[in-house]
Amino acid sequence: MSHTCMNPGCWFEIAVADLEAARDFYAAILQTELAITDDMGPNPVVFFPHNDEKPGIGGHLYPGTPSRDGNTVHMMAPPDLDAMRERITAAGGTVESADIPIPSGAFFYARDPDGNSIGFFNFNAKAQAA
């Protein structure tokens with residue numbers, strides 16, 4: 001191999017039934033503008049903000065068949081888990097778990113309106129009492 005990967009993950013995709021509705025949901029919960037782009041390949045997509053010069057990975061939404069039983073994509077939850085939980089429910093998603101503490105912070109599971117499993121993590125979080 002010509003180079004060694006620091007982390008095996010490099011990109012994520014989330015299949016959605018309605019690209020415009022999914023863009024609106026993710027824009028609301030991530031508190032950012034998201035645009036549909038139709039010049040990057042065979043399908044229109046919505047890219048999540050990312051910076052190729054910084055550590056981390058990027059991803060996008062694409063029109064496809066959502067999988068309620070598929071993989072879980074984890075994203076950061078600024079400024080905290082409570083605020084993210086409120087934005088998710090206000091935008092039409094569902095919160096699926098209590099906060100789960102791990103040594104570096106805490107996260108919880110949720111679902112977008114298409115049923116895709118998403119997790120939200122915060123380094124500074126302390127899990128809420130169940």
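Start with a surface view: the chain's accessible surface comes to about 8100 Å², and 52% of it belongs to carbon and sulfur atoms. Keep in mind that this is a predicted model.

Now switch to a cartoon. You'll find two helices and nine strands, arranged along the sequence as β-α-β-β-β-β-α-β-β-β-β. The C-alpha trace spans about 45 × 40 × 30 Å along its principal axes. For 130 residues, a compact globule would have a radius of gyration near 14 Å, so the chain's 15 Å agrees with that.

Next, head inside. Nonpolar side chains in soluble globular proteins tend to be buried together. Select I14, Y26, L61, M75, I88 and F120: of the 25 residues in the largest nonpolar core, these touch the most other members. Elements that each supply at least two core residues include β1 (11-16), α1 (19-30) and β9 (117-122). The largest share, six residues, comes from α1.

Zoom in on I14. Which residues does I14 contact beyond its neighbours within four places in sequence? Among them are Y26, F48, L61, M75 and I118.

Last stop: α2 (81-90). Select L81, A83, M84, R85, R87 and I88, the buried residues of this helix. They pack against α1, β5, β6, β8 and β9. At the start of α2, look for a side-chain oxygen of D80 within 3.1 Å of the backbone nitrogen of D82. Following α2 is G92, with a positive phi near 105°.

Terms used. Residues numbered from 1 in each chain as written. Predicted model: local features only at pLDDT ≥ 70, side-chain atom pairs only at ≥ 80, totals over all residues. Heavy atoms only, no water. Core = buried A, V, L, I, M, F, W, Y, C linked by side-chain atoms within 4.5 Å. Buried < 20%, exposed > 50% of the residue type's maximum accessible area, 1.4 Å probe, protein only. Helix = DSSP H or I, 4+ residues; strand = E, 2+ residues; numbered from the N terminus. Contact = heavy atoms within 4.5 Å. Polar contact = N/O pair within 3.5 Å; in protein donor to acceptor, adjacent residues only side chain to side chain. Rg over C-alpha atoms; globule rule 2.2 N^0.38 Å. Areas by Shrake-Rupley, 256 points an atom, 1.4 Å probe, with all protein chains shown as cover.
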